[in-house]
Amino acid sequence: MPGGRLTQPERQQIALGLADGLAYAEIARRLERPTSTITREVMRNGGPTAYRADLAHRATERRTHRRRQAAPSEVPPLAHGRDAEAVREYEEVFTTVMMQSGMPKMMSRVMACLCLADSGSLTASELAGRLQVSPASVSKAITFLEAQGMTRRERDERRRERYVVDDDVWYQSMMASARSTAHISEIARQGVGVHGTSTPVGTRLENIARFLDFVSESTARAAEQARAILHTKPETAPDGTT
């Protein structure tokens, strides 16, 4: 598959493919590009319904220009011998996947940045610097992620507030999702009382409630089991062995 950035003719082919209702994988196959490249290109430029080749091309040129202006003359090597360009590309893929799951763009960028930081935690100023966005944008994203149970706050030794993504955060996020699903189920069951059990709407709402009850209970049970199995620390014997 060819490397390098997408050309303007390729972007026009992407736009035509989207207009024809083609899947990302099919567009990628026709262009002999990785599917992830097409997915990332579309999602960062308005999504499948708003993608325009000319606007996407100009936006990419602007991003490239800003990156060159902001980049230092020498990029320090990453720890553990990682390739900086590969890491940057992967962060874009990670962000795109989060957006496809329904998370807004800025929240996805912040979540990806936190997940891919070696420490698993960053301050507001560190996030703003890495993402080249305003502190207000970071604050809004963190508020959203906290409401979803996907991040938590803690103070470091300098009393700075840090935003953290760790194993327990993922557990808390799954439990928050289970509670949200259970709430929808509860509201659906209230509708059964309003419309009556013998009406088509009442039957539909009861089926929704039963389905969501099962999903909510299964999600919470799976999260509890995963936490107990995967996050259990090895026991230490009296002689100090594990």
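## Terms and basis

A residue counts as buried under 20% relative accessible area, exposed over 50%, and partly exposed in between (1.4 Å probe, protein chains only). This is a predicted model, in which local features need pLDDT of at least 70 and side-chain atom pairs count only at pLDDT 80 or more, while totals for chains, interfaces and linings use all residues. Residues are numbered from 1 along each chain as its sequence is written, and side-chain values use heavy atoms, with hydrogens and water left out.

## Salt bridges

Side chains of opposite charge can pair when their charged atoms come close. A salt bridge is a side-chain nitrogen of Lys or Arg within 4 Å of a carboxyl oxygen of Asp or Glu. The structure contains 20 salt bridges.

## A link between two helices

Arg 189 and Asp 213 form a salt bridge, at 2.8 Å from N to O. Arg 189 belongs to helix 9 (residues 167-195) and Asp 213 to helix 10 (residues 200-230), so this pair ties together parts that are 24 residues apart in sequence. Helices here are DSSP runs (H or I, at least four residues), numbered from the N terminus. Arg 189 is partly exposed at 32% relative accessibility, and Asp 213 is partly exposed at 23%.

Salt bridges with shared partners join Arg 40, Arg 44, Glu 85, Arg 88, Glu 89 and Glu 92 into one network. Within it, the closest N and O atoms of Glu 85 and Arg 88 are 2.6 Å apart. Both residues lie in helix 5 (residues 84-100), three residues apart, about one turn of the helix. Glu 85 is partly exposed, at 43% relative accessibility.
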